[in-house]
Amino acid sequence: MKPKPTTNSRRGLRARGVSCAGAHLVVLGAGGNIGSQSTPLLARLPGINRLTLVDCDRYEEKNLLSQAINRSDIGHSKARVQARRVGRINPRLEVVSIVDRFENVPLSSLRGDVILACLDSRESRRCANELAWRLGVPWIDAGVEPSLMLARVNDYLPAEDQPCLECAWGERDYAELPARHPCDAETVSPTAPTNAPACLGALAAALQAIECQKLLSGERAASLIGRQVLIDAAAHQHFVTSFRRNPKCRFDHRAWHITPLRRTPQELAPGATLALTGRSEARAALAFGGVPLVKRLDCPGCGRSRRVFRLQSRLRKEELSCDHCGREMLAAGFHTKSRITRADLDPGEANRTLASLGLRAGDVISLRDGAHEKFFELGAGSPLRRRTAKPIHRRYL
Amino acid sequence: MSDKIYEAFLRQQLEAGMALANNSDVLALTPLPGSEPPSRYIAHFSGRNGLVRDPRGGIVEFDKFVVGICFPEDYLRRVNIPQVLTYLGPHPDPWHPNIRPPFVCAHIEPGSSLVDILYACFEIWTWNLFATGDEGLNHAASQWSRKQERSRFPVDRRPLKRRSMQLEVTAPPGKEAE
(Lines give C-alpha, C1' and ligand atoms only; values in the text may rest on other atoms or scores of the structure.)
Protein backbone atom coordinates (compact mmCIF):
# COMPACT_ATOMS: atom_id res chain seq x y z
CA MET A 1 0.00 0.00 0.00
CA LYS A 2 1.30 3.46 -0.87
CA PRO A 3 2.00 5.54 2.28
CA LYS A 4 -0.10 8.68 2.57
CA PRO A 5 1.32 12.10 3.45
CA THR A 6 1.03 12.76 7.15
CA THR A 7 -0.99 15.95 7.16
CA ASN A 8 -2.48 16.74 10.53
CA SER A 9 -6.13 15.79 10.04
CA ARG A 10 -7.07 16.87 13.56
CA ARG A 11 -6.01 20.41 12.76
CA GLY A 12 -8.54 20.47 9.94
CA LEU A 13 -11.22 19.17 12.26
CA ARG A 14 -10.42 21.73 14.91
CA ALA A 15 -10.52 24.51 12.35
CA ARG A 16 -14.13 23.55 11.76
CA GLY A 17 -14.84 23.66 15.47
CA VAL A 18 -14.75 19.93 16.19
CA SER A 19 -13.34 18.76 19.50
CA CYS A 20 -10.18 16.70 19.62
CA ALA A 21 -10.12 13.81 22.08
CA GLY A 22 -7.02 11.74 22.89
CA ALA A 23 -4.72 14.64 22.12
CA HIS A 24 -0.94 14.65 22.05
CA LEU A 25 0.77 17.75 23.46
CA VAL A 26 4.42 18.62 22.91
CA VAL A 27 6.05 20.92 25.47
CA LEU A 28 9.30 22.63 24.46
CA GLY A 29 11.35 23.87 27.40
CA ALA A 30 9.29 21.69 29.69
CA GLY A 31 11.37 22.21 32.82
CA GLY A 32 11.92 25.96 33.00
CA ASN A 33 10.26 28.92 34.68
CA ILE A 34 7.04 28.54 32.66
CA GLY A 35 7.40 24.89 31.58
CA SER A 36 7.71 23.48 35.10
CA GLN A 37 4.45 25.26 35.99
CA SER A 38 2.71 24.47 32.71
CA THR A 39 3.40 20.73 32.51
CA PRO A 40 1.31 19.70 35.58
CA LEU A 41 -1.57 21.90 34.38
CA LEU A 42 -1.48 20.29 30.93
CA ALA A 43 -1.43 16.81 32.50
CA ARG A 44 -4.71 17.65 34.19
CA LEU A 45 -6.48 18.83 31.01
CA PRO A 46 -9.32 16.57 29.84
CA GLY A 47 -8.84 14.64 26.62
CA ILE A 48 -5.05 14.41 26.74
CA ASN A 49 -3.49 11.00 26.34
CA ARG A 50 0.09 11.78 25.39
CA LEU A 51 2.67 14.33 26.50
CA THR A 52 6.11 14.79 24.99
CA LEU A 53 8.40 16.87 27.19
CA VAL A 54 11.60 18.31 25.72
CA ASP A 55 14.32 20.04 27.69
CA CYS A 56 18.09 19.73 27.40
CA ASP A 57 19.03 21.16 30.81
CA ARG A 58 19.50 19.84 34.32
CA TYR A 59 18.16 21.45 37.48
CA GLU A 60 20.59 23.53 39.50
CA GLU A 61 20.29 25.04 42.95
CA LYS A 62 19.58 28.49 41.49
CA ASN A 63 16.39 27.08 39.88
CA LEU A 64 14.76 26.46 43.27
CA LEU A 65 13.38 29.99 43.53
CA SER A 66 12.14 30.41 39.98
CA GLN A 67 10.91 26.97 38.98
CA ALA A 68 8.36 24.53 40.42
CA ILE A 69 10.80 21.92 41.74
CA ASN A 70 12.03 20.36 44.98
CA ARG A 71 15.55 20.26 46.36
CA SER A 72 15.73 16.55 45.50
CA ASP A 73 15.38 17.39 41.79
CA ILE A 74 18.70 19.25 41.67
CA GLY A 75 21.19 17.56 39.40
CA HIS A 76 18.52 15.66 37.46
CA SER A 77 17.42 16.22 33.92
CA LYS A 78 14.52 18.69 33.71
CA ALA A 79 12.54 16.68 31.17
CA ARG A 80 12.77 13.50 33.25
CA VAL A 81 11.85 15.21 36.51
CA GLN A 82 8.74 16.67 34.89
CA ALA A 83 7.88 13.34 33.23
CA ARG A 84 7.98 11.58 36.58
CA ARG A 85 5.86 14.31 38.13
CA VAL A 86 3.28 14.07 35.35
CA GLY A 87 3.24 10.30 35.75
CA ARG A 88 2.28 10.73 39.42
CA ILE A 89 -0.49 13.24 38.55
CA ASN A 90 -2.03 11.23 35.74
CA PRO A 91 -0.74 7.64 35.48
CA ARG A 92 -2.88 7.01 32.37
CA LEU A 93 -0.92 9.52 30.36
CA GLU A 94 1.69 8.29 27.92
CA VAL A 95 4.70 10.48 28.70
CA VAL A 96 7.87 10.78 26.61
CA SER A 97 10.76 12.85 27.92
CA ILE A 98 13.45 13.95 25.49
CA VAL A 99 16.73 15.29 26.85
CA ASP A 100 18.01 17.37 23.97
CA ARG A 101 17.65 20.74 22.30
CA PHE A 102 14.35 20.51 20.44
CA GLU A 103 16.05 21.89 17.31
CA ASN A 104 18.03 18.66 17.25
CA VAL A 105 15.17 16.22 17.81
CA PRO A 106 13.78 14.31 14.79
CA LEU A 107 10.80 16.24 13.50
CA SER A 108 8.34 13.36 13.75
CA SER A 109 8.94 13.04 17.51
CA LEU A 110 7.55 16.55 17.90
CA ARG A 111 4.42 16.05 15.83
CA GLY A 112 1.51 16.51 18.23
CA ASP A 113 -1.88 18.17 18.22
CA VAL A 114 -0.57 21.32 19.89
CA ILE A 115 3.00 22.49 20.50
CA LEU A 116 3.49 24.54 23.66
CA ALA A 117 6.62 26.68 23.78
CA CYS A 118 7.99 27.66 27.19
CA LEU A 119 11.27 29.01 25.85
CA ASP A 120 13.62 31.72 26.95
CA SER A 121 15.18 33.12 23.79
CA ARG A 122 14.13 34.78 20.59
CA GLU A 123 16.17 32.32 18.53
CA SER A 124 14.55 29.24 20.05
CA ARG A 125 11.09 30.79 19.54
CA ARG A 126 11.99 31.38 15.91
CA CYS A 127 12.90 27.70 15.60
CA ALA A 128 9.67 26.64 17.35
CA ASN A 129 7.67 28.77 14.91
CA GLU A 130 9.38 27.12 11.95
CA LEU A 131 8.90 23.65 13.42
CA ALA A 132 5.17 24.19 14.03
CA TRP A 133 4.62 25.61 10.55
CA ARG A 134 6.50 22.77 8.84
CA LEU A 135 4.45 20.18 10.72
CA GLY A 136 1.21 22.16 10.35
CA VAL A 137 0.59 22.02 14.11
CA PRO A 138 -0.88 24.95 16.11
CA TRP A 139 1.50 26.33 18.70
CA ILE A 140 1.12 28.43 21.80
CA ASP A 141 4.01 30.61 22.89
CA ALA A 142 4.23 31.82 26.48
CA GLY A 143 6.69 34.36 27.84
CA VAL A 144 7.41 36.67 30.77
CA GLU A 145 9.21 39.96 31.30
CA PRO A 146 10.17 40.02 34.98
CA SER A 147 11.42 43.62 35.12
CA LEU A 148 7.97 44.91 34.10
CA MET A 149 5.95 42.05 35.68
CA LEU A 150 4.47 41.07 32.32
CA ALA A 151 3.16 37.66 31.31
CA ARG A 152 1.92 36.90 27.82
CA VAL A 153 0.69 34.16 25.58
CA ASN A 154 0.29 33.99 21.75
CA ASP A 155 -1.55 31.42 19.64
CA TYR A 156 -0.48 30.57 16.09
CA LEU A 157 -2.34 28.39 13.62
CA PRO A 158 -0.13 27.42 10.67
CA ALA A 159 -1.85 28.43 7.44
CA GLU A 160 -0.81 30.52 4.46
CA ASP A 161 -3.02 33.46 5.48
CA GLN A 162 -2.28 33.35 9.22
CA PRO A 163 0.33 35.48 10.99
CA CYS A 164 3.39 33.68 12.31
CA LEU A 165 5.82 34.82 14.98
CA GLU A 166 8.12 36.41 12.40
CA CYS A 167 5.29 38.39 10.75
CA ALA A 168 5.69 40.91 13.57
CA TRP A 169 9.48 41.06 13.32
CA GLY A 170 11.46 43.87 11.74
CA GLU A 171 15.10 44.26 10.72
CA ARG A 172 16.06 45.12 14.30
CA ASP A 173 14.54 41.94 15.69
CA TYR A 174 16.59 39.84 13.29
CA ALA A 175 19.71 41.88 14.03
CA GLU A 176 19.31 41.08 17.73
CA LEU A 177 19.45 37.34 17.13
CA PRO A 178 22.76 35.85 18.25
CA ALA A 179 25.21 35.52 15.35
CA ARG A 180 28.08 33.08 15.24
CA HIS A 181 31.43 34.82 14.54
CA PRO A 182 34.49 32.75 13.72
CA CYS A 183 36.50 34.86 16.17
CA ASP A 184 34.25 33.82 19.09
CA ALA A 185 36.46 31.62 21.20
CA GLU A 186 33.49 29.56 22.40
CA THR A 187 30.07 28.57 21.18
CA VAL A 188 27.48 31.35 21.39
CA SER A 189 26.58 31.47 25.04
CA PRO A 190 23.04 30.50 25.94
CA THR A 191 20.71 33.31 26.86
CA ALA A 192 21.11 34.74 30.31
CA PRO A 193 18.61 33.32 32.81
CA THR A 194 15.49 35.48 33.04
CA ASN A 195 15.40 35.03 36.84
CA ALA A 196 11.67 35.51 36.58
CA PRO A 197 9.73 34.92 39.78
CA ALA A 198 7.91 31.60 39.91
CA CYS A 199 4.57 33.41 40.32
CA LEU A 200 4.99 35.18 36.97
CA GLY A 201 5.92 31.91 35.28
CA ALA A 202 2.82 30.33 36.85
CA LEU A 203 0.65 33.15 35.47
CA ALA A 204 1.98 32.62 31.92
CA ALA A 205 1.64 28.84 32.34
CA ALA A 206 -2.00 29.14 33.45
CA LEU A 207 -2.80 31.35 30.44
CA GLN A 208 -1.09 28.84 28.17
CA ALA A 209 -3.02 25.87 29.59
CA ILE A 210 -6.33 27.76 29.23
CA GLU A 211 -5.61 28.57 25.59
CA CYS A 212 -4.56 24.98 24.93
CA GLN A 213 -7.84 23.73 26.37
CA LYS A 214 -9.76 26.14 24.14
CA LEU A 215 -7.86 25.05 21.04
CA LEU A 216 -8.41 21.36 21.78
CA SER A 217 -12.10 21.81 22.45
CA GLY A 218 -12.50 23.46 19.07
CA GLU A 219 -13.63 26.83 20.44
CA ARG A 220 -12.22 28.63 17.45
CA ALA A 221 -14.05 31.91 18.13
CA ALA A 222 -12.93 32.05 21.76
CA SER A 223 -9.37 30.96 21.06
CA LEU A 224 -6.50 33.35 20.71
CA ILE A 225 -5.42 32.36 17.18
CA GLY A 226 -3.41 35.19 15.62
CA ARG A 227 -3.59 37.20 18.82
CA GLN A 228 -1.70 37.87 22.01
CA VAL A 229 -2.91 38.31 25.58
CA LEU A 230 -0.58 40.29 27.79
CA ILE A 231 -1.13 40.75 31.50
CA ASP A 232 0.58 43.64 33.20
CA ALA A 233 0.65 42.34 36.75
CA ALA A 234 2.21 45.57 38.05
CA ALA A 235 -0.62 47.81 36.80
CA HIS A 236 -3.43 45.22 36.96
CA GLN A 237 -4.18 45.57 33.26
CA HIS A 238 -4.54 43.19 30.41
CA PHE A 239 -4.20 43.78 26.67
CA VAL A 240 -5.26 41.74 23.64
CA THR A 241 -3.36 42.43 20.43
CA SER A 242 -4.24 41.06 16.99
CA PHE A 243 -1.57 40.30 14.42
CA ARG A 244 -1.85 40.26 10.63
CA ARG A 245 -0.10 38.14 8.07
CA ASN A 246 2.84 40.21 6.85
CA PRO A 247 3.18 39.75 3.07
CA LYS A 248 6.88 40.63 3.41
CA CYS A 249 7.48 38.16 6.23
CA ARG A 250 10.93 36.61 5.83
CA PHE A 251 9.59 33.16 6.77
CA ASP A 252 8.04 31.30 3.83
CA HIS A 253 5.01 29.96 5.83
CA ARG A 254 5.30 26.63 4.05
CA ALA A 255 3.86 23.47 5.58
CA TRP A 256 5.62 20.28 4.56
CA HIS A 257 3.50 17.39 3.33
CA ILE A 258 5.59 14.57 4.66
CA THR A 259 5.43 11.03 3.33
CA PRO A 260 6.66 8.32 5.70
CA LEU A 261 9.31 5.98 4.33
CA ARG A 262 9.59 2.41 5.51
CA ARG A 263 13.34 2.39 5.10
CA THR A 264 15.52 3.45 7.99
CA PRO A 265 18.59 5.74 7.98
CA GLN A 266 20.68 2.57 8.36
CA GLU A 267 19.24 1.14 5.16
CA LEU A 268 19.40 4.20 2.92
CA ALA A 269 22.42 5.90 1.34
CA PRO A 270 22.46 9.35 -0.31
CA GLY A 271 22.82 7.77 -3.75
CA ALA A 272 19.88 5.42 -3.21
CA THR A 273 17.80 8.27 -1.80
CA LEU A 274 18.42 10.39 -4.90
CA ALA A 275 17.31 7.39 -6.97
CA LEU A 276 13.86 7.67 -5.35
CA THR A 277 13.14 10.46 -7.83
CA GLY A 278 13.35 7.93 -10.72
CA ARG A 279 14.30 9.25 -14.14
CA SER A 280 15.21 12.71 -12.95
CA GLU A 281 17.88 11.41 -10.56
CA ALA A 282 20.67 13.40 -12.20
CA ARG A 283 18.82 16.70 -11.59
CA ALA A 284 17.50 15.83 -8.14
CA ALA A 285 18.85 17.52 -5.01
CA LEU A 286 18.70 15.99 -1.56
CA ALA A 287 18.32 18.22 1.52
CA PHE A 288 18.15 17.49 5.23
CA GLY A 289 15.52 19.80 6.68
CA GLY A 290 17.62 22.92 6.15
CA VAL A 291 20.67 21.53 7.97
CA PRO A 292 23.86 21.69 5.88
CA LEU A 293 26.10 18.70 5.28
CA VAL A 294 29.66 19.44 6.36
CA LYS A 295 32.58 18.10 4.36
CA ARG A 296 35.43 19.83 6.15
CA LEU A 297 35.98 21.44 9.54
CA ASP A 298 38.64 24.06 10.29
CA CYS A 299 39.98 25.35 13.56
CA PRO A 300 39.76 29.14 13.83
CA GLY A 301 42.40 29.00 16.57
CA CYS A 302 45.30 27.12 15.00
CA GLY A 303 44.16 26.64 11.40
CA ARG A 304 44.16 22.83 11.36
CA SER A 305 41.47 21.11 9.32
CA ARG A 306 39.63 17.79 9.36
CA ARG A 307 37.56 15.98 6.74
CA VAL A 308 34.10 14.93 7.86
CA PHE A 309 30.88 13.97 6.12
CA ARG A 310 28.08 14.66 8.55
CA LEU A 311 25.15 16.99 9.17
CA GLN A 312 26.21 20.17 10.93
CA SER A 313 23.79 19.82 13.84
CA ARG A 314 24.76 16.17 14.36
CA LEU A 315 28.53 16.61 14.51
CA ARG A 316 29.95 14.77 17.50
CA LYS A 317 31.92 16.47 20.27
CA GLU A 318 35.11 14.65 19.32
CA GLU A 319 34.70 15.77 15.70
CA LEU A 320 34.17 19.38 16.71
CA SER A 321 37.10 19.63 19.11
CA CYS A 322 40.50 20.53 17.63
CA ASP A 323 43.09 17.86 18.51
CA HIS A 324 45.83 20.48 18.64
CA CYS A 325 44.39 23.44 20.57
CA GLY A 326 41.06 22.09 21.85
CA ARG A 327 39.07 24.91 20.30
CA GLU A 328 35.74 24.26 18.60
CA MET A 329 36.19 23.64 14.89
CA LEU A 330 33.84 25.33 12.45
CA ALA A 331 32.58 24.69 8.94
CA ALA A 332 33.15 27.38 6.32
CA GLY A 333 30.35 27.97 3.83
CA PHE A 334 32.28 26.61 0.86
CA HIS A 335 32.90 23.37 2.73
CA THR A 336 29.22 22.69 3.36
CA LYS A 337 26.28 21.79 1.15
CA SER A 338 22.64 22.50 1.92
CA ARG A 339 21.48 20.42 -1.03
CA ILE A 340 23.45 17.60 -2.57
CA THR A 341 23.16 16.27 -6.09
CA ARG A 342 24.65 13.16 -7.65
CA ALA A 343 27.54 15.28 -8.97
CA ASP A 344 28.49 16.38 -5.42
CA LEU A 345 29.03 12.81 -4.25
CA ASP A 346 32.04 10.63 -4.87
CA PRO A 347 31.28 6.86 -4.98
CA GLY A 348 32.28 6.37 -1.35
CA GLU A 349 30.04 9.18 -0.15
CA ALA A 350 27.10 8.06 -2.30
CA ASN A 351 27.12 4.64 -0.62
CA ARG A 352 27.47 5.71 3.00
CA THR A 353 24.32 5.24 5.08
CA LEU A 354 22.23 8.23 6.08
CA ALA A 355 22.77 7.11 9.68
CA SER A 356 26.51 7.72 9.26
CA LEU A 357 25.63 11.31 8.26
CA GLY A 358 23.87 11.70 11.62
CA LEU A 359 20.31 11.16 10.45
CA ARG A 360 17.91 9.37 12.78
CA ALA A 361 14.56 7.67 12.46
CA GLY A 362 11.89 10.36 12.27
CA ASP A 363 14.14 12.93 10.59
CA VAL A 364 12.73 14.59 7.49
CA ILE A 365 14.65 14.71 4.23
CA SER A 366 13.55 16.31 0.99
CA LEU A 367 14.10 15.70 -2.70
CA ARG A 368 13.85 18.61 -5.07
CA ASP A 369 13.45 18.20 -8.80
CA GLY A 370 13.17 21.60 -10.44
CA ALA A 371 10.36 23.49 -8.74
CA HIS A 372 8.91 20.38 -7.07
CA GLU A 373 10.03 19.30 -3.63
CA LYS A 374 8.89 16.19 -1.79
CA PHE A 375 9.42 15.51 1.91
CA PHE A 376 10.03 12.09 3.41
CA GLU A 377 10.19 10.93 7.00
CA LEU A 378 12.81 8.28 7.65
CA GLY A 379 11.44 5.05 9.05
CA ALA A 380 12.19 3.60 12.48
CA GLY A 381 12.25 -0.09 11.56
CA SER A 382 10.29 -0.91 14.69
CA PRO A 383 7.33 1.15 15.98
CA LEU A 384 8.46 4.34 17.76
CA ARG A 385 5.27 4.59 19.75
CA ARG A 386 4.28 2.18 22.46
CA ARG A 387 1.67 2.64 25.11
CA THR A 388 2.95 2.32 28.62
CA ALA A 389 2.14 3.70 32.01
CA LYS A 390 5.82 4.44 32.67
CA PRO A 391 7.49 7.48 31.11
CA ILE A 392 9.70 6.76 28.11
CA HIS A 393 13.01 8.58 28.37
CA ARG A 394 14.96 9.38 25.23
CA ARG A 395 18.37 10.85 25.48
CA TYR A 396 20.17 12.17 22.44
CA LEU A 397 22.78 14.39 24.10
CA MET B 1 12.36 28.13 -5.80
CA SER B 2 9.30 28.20 -3.54
CA ASP B 3 10.41 30.96 -1.17
CA LYS B 4 9.47 34.12 -3.05
CA ILE B 5 11.00 36.54 -0.54
CA TYR B 6 14.35 34.75 -0.57
CA GLU B 7 14.26 34.46 -4.36
CA ALA B 8 13.53 38.19 -4.73
CA PHE B 9 16.40 38.91 -2.35
CA LEU B 10 18.79 36.79 -4.43
CA ARG B 11 17.73 38.51 -7.67
CA GLN B 12 18.31 41.89 -6.09
CA GLN B 13 21.77 40.85 -4.89
CA LEU B 14 22.75 39.57 -8.33
CA GLU B 15 21.74 42.84 -9.94
CA ALA B 16 23.34 45.12 -7.33
CA GLY B 17 26.49 42.99 -6.99
CA MET B 18 27.15 42.85 -10.73
CA ALA B 19 26.48 46.59 -11.03
CA LEU B 20 29.10 47.26 -8.37
CA ALA B 21 31.61 44.89 -10.01
CA ASN B 22 31.07 46.60 -13.40
CA ASN B 23 31.88 49.94 -11.81
CA SER B 24 34.92 48.78 -9.93
CA ASP B 25 38.60 48.67 -10.88
CA VAL B 26 39.49 46.24 -8.12
CA LEU B 27 36.56 43.80 -7.93
CA ALA B 28 35.49 40.93 -10.18
CA LEU B 29 32.41 39.03 -9.11
CA THR B 30 31.50 35.54 -10.36
CA PRO B 31 28.08 34.05 -9.56
CA LEU B 32 28.34 30.28 -9.21
CA PRO B 33 25.90 27.95 -10.98
CA GLY B 34 23.76 25.58 -8.94
CA SER B 35 20.70 27.65 -8.25
CA GLU B 36 18.72 30.26 -10.11
CA PRO B 37 19.09 33.06 -9.05
CA PRO B 38 22.59 32.27 -7.72
CA SER B 39 23.14 31.96 -3.99
CA ARG B 40 26.97 31.62 -4.15
CA TYR B 41 29.54 34.07 -5.45
CA ILE B 42 33.28 34.31 -5.75
CA ALA B 43 34.65 37.82 -5.31
CA HIS B 44 38.17 38.56 -6.64
CA PHE B 45 39.78 41.70 -5.24
CA SER B 46 42.93 42.87 -6.99
CA GLY B 47 45.46 45.68 -6.65
CA ARG B 48 48.36 46.15 -4.24
CA ASN B 49 46.11 46.55 -1.29
CA GLY B 50 46.54 43.64 1.11
CA LEU B 51 49.20 42.18 3.37
CA VAL B 52 50.44 38.62 3.64
CA ARG B 53 53.22 36.85 5.51
CA ASP B 54 55.92 35.50 3.24
CA PRO B 55 57.68 32.16 3.92
CA ARG B 56 60.51 34.03 5.72
CA GLY B 57 58.03 35.64 8.10
CA GLY B 58 58.09 39.09 6.55
CA ILE B 59 54.93 41.14 6.15
CA VAL B 60 54.62 42.10 2.50
CA GLU B 61 52.02 43.57 0.19
CA PHE B 62 50.00 41.20 -1.91
CA ASP B 63 47.73 41.95 -4.83
CA LYS B 64 44.97 39.36 -4.72
CA PHE B 65 42.24 38.40 -2.30
CA VAL B 66 39.52 35.91 -3.18
CA VAL B 67 36.52 35.35 -0.97
CA GLY B 68 33.51 33.07 -1.36
CA ILE B 69 30.10 34.39 -0.35
CA CYS B 70 27.15 32.06 0.33
CA PHE B 71 23.56 32.95 1.08
CA PRO B 72 22.05 29.90 2.80
CA GLU B 73 18.29 29.39 2.47
CA ASP B 74 17.65 30.83 5.93
CA TYR B 75 20.05 33.76 5.45
CA LEU B 76 17.28 36.36 5.80
CA ARG B 77 16.39 34.99 9.22
CA ARG B 78 19.64 33.94 10.88
CA VAL B 79 23.33 34.35 10.29
CA ASN B 80 26.23 32.03 10.85
CA ILE B 81 29.14 34.14 9.60
CA PRO B 82 31.54 31.24 8.85
CA GLN B 83 28.83 29.89 6.55
CA VAL B 84 28.52 33.17 4.68
CA LEU B 85 32.18 34.11 4.13
CA THR B 86 34.98 31.76 3.11
CA TYR B 87 38.55 32.86 2.39
CA LEU B 88 39.56 31.17 -0.86
CA GLY B 89 43.12 32.42 -1.29
CA PRO B 90 45.21 32.59 -3.31
CA HIS B 91 47.85 33.30 -0.65
CA PRO B 92 47.91 30.66 2.09
CA ASP B 93 48.95 33.09 4.82
CA PRO B 94 47.03 36.38 4.66
CA TRP B 95 48.09 38.87 7.32
CA HIS B 96 45.08 40.46 8.92
CA PRO B 97 43.49 40.30 12.39
CA ASN B 98 40.10 39.35 10.86
CA ILE B 99 41.32 36.62 8.53
CA ARG B 100 42.49 33.09 9.23
CA PRO B 101 41.90 30.77 6.29
CA PRO B 102 39.21 29.72 5.57
CA PHE B 103 37.49 32.19 7.90
CA VAL B 104 36.90 35.92 7.52
CA CYS B 105 35.28 37.71 10.44
CA ALA B 106 33.01 40.60 9.45
CA HIS B 107 29.86 42.13 10.83
CA ILE B 108 26.92 40.60 8.97
CA GLU B 109 23.29 40.68 10.01
CA PRO B 110 20.44 38.52 8.71
CA GLY B 111 19.65 39.89 5.27
CA SER B 112 22.80 42.05 4.89
CA SER B 113 23.15 42.79 1.19
CA LEU B 114 25.84 41.41 -1.11
CA VAL B 115 27.10 44.95 -1.71
CA ASP B 116 27.47 45.54 2.06
CA ILE B 117 29.35 42.25 2.37
CA LEU B 118 31.64 43.14 -0.55
CA TYR B 119 32.39 46.51 1.03
CA ALA B 120 33.06 44.82 4.39
CA CYS B 121 35.50 42.39 2.71
CA PHE B 122 37.20 45.20 0.80
CA GLU B 123 37.58 47.30 3.95
CA ILE B 124 39.07 44.35 5.78
CA TRP B 125 41.50 43.46 2.98
CA THR B 126 42.68 47.07 2.55
CA TRP B 127 43.04 47.55 6.33
CA ASN B 128 40.32 50.19 6.51
CA LEU B 129 38.78 47.93 9.09
CA PHE B 130 40.58 45.66 11.51
CA ALA B 131 40.24 44.28 15.00
CA THR B 132 42.91 45.70 17.30
CA GLY B 133 41.94 43.81 20.43
CA ASP B 134 42.54 40.18 21.20
CA GLU B 135 39.17 39.22 19.80
CA GLY B 136 40.53 38.88 16.28
CA LEU B 137 41.05 35.63 14.42
CA ASN B 138 44.77 36.23 13.99
CA HIS B 139 46.11 37.45 17.34
CA ALA B 140 49.63 38.02 16.04
CA ALA B 141 48.29 40.32 13.33
CA SER B 142 46.18 42.17 15.94
CA GLN B 143 49.25 42.67 18.09
CA TRP B 144 51.30 43.77 15.07
CA SER B 145 48.62 46.26 14.01
CA ARG B 146 48.58 47.87 17.47
CA LYS B 147 52.27 48.66 17.10
CA GLN B 148 51.91 50.27 13.70
CA GLU B 149 51.44 53.92 12.95
CA ARG B 150 47.78 54.57 12.15
CA SER B 151 48.76 56.69 9.17
CA ARG B 152 49.99 53.54 7.37
CA PHE B 153 46.43 52.33 7.00
CA PRO B 154 44.59 51.80 4.82
CA VAL B 155 47.18 50.20 2.63
CA ASP B 156 45.43 51.25 -0.56
CA ARG B 157 43.13 54.28 -0.66
CA ARG B 158 41.43 53.57 -3.98
CA PRO B 159 37.68 53.19 -3.62
CA LEU B 160 35.88 49.95 -4.40
CA LYS B 161 33.49 51.73 -6.74
CA ARG B 162 35.00 53.84 -9.48
CA ARG B 163 33.94 57.47 -9.07
CA SER B 164 32.20 58.78 -12.13
CA MET B 165 33.12 62.33 -13.09
CA GLN B 166 31.53 64.61 -15.66
CA LEU B 167 34.63 65.95 -17.42
CA GLU B 168 34.57 68.18 -20.43
CA VAL B 169 37.97 68.59 -22.00
CA THR B 170 38.47 71.47 -24.35
CA ALA B 171 41.77 71.98 -26.12
CA PRO B 172 43.16 75.53 -25.86
CA PRO B 173 42.88 77.62 -29.06
CA GLY B 174 45.60 76.87 -31.58
CA LYS B 175 46.32 73.45 -30.09
CA GLU B 176 43.71 71.50 -32.07
CA ALA B 177 46.26 70.47 -34.70
CA GLU B 178 48.43 68.72 -32.08
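**Exercises: helices and strands in chain A**

Helices here are DSSP runs of H or I with at least four residues, strands are E runs of at least two, and both are numbered from the N terminus. The model is predicted, so local features need pLDDT of at least 70, side-chain atom pairs count only at pLDDT 80 or more, and totals for chains, interfaces and linings use all residues. Residues count from 1 along each chain as its sequence is written, and chains are lettered from A in the order in which they are written.

**Exercise 1.** Work out how the axes of α2(A) and α3(A) are arranged.

*Step 1.* Find α2 at residues 35–43 and α3 at residues 78–89 of chain A.

*Step 2.* Their axes come within 9 Å and cross at roughly 30°. Axes are lines fitted to C-alpha atoms over the stretch in contact, with angles from 0 to 180 degrees between N-to-C directions.

**Exercise 2.** Find which residues of α2(A) and α3(A) meet.

*Step 1.* From α2(A), pick A:Ser36, A:Thr39, A:Pro40 and A:Ala43.

*Step 2.* They meet A:Gln82, A:Arg85, A:Val86 and A:Ile89 of α3(A). Contact means C-beta atoms, placed from the backbone, within 7 Å.

**Exercise 3.** Describe how β10(A) and β15(A) pair.

*Step 1.* Locate β10 at residues 285–287 and β15 at residues 364–369 of chain A.

*Step 2.* They pair in the antiparallel sense over three bridges; DSSP must find at least two for a pair.

*Step 3.* Spot A:Ala287 opposite A:Ser366 in β15(A).

Key:
Two residues are in contact if their C-beta atoms, placed from the backbone, lie within 7 Å.
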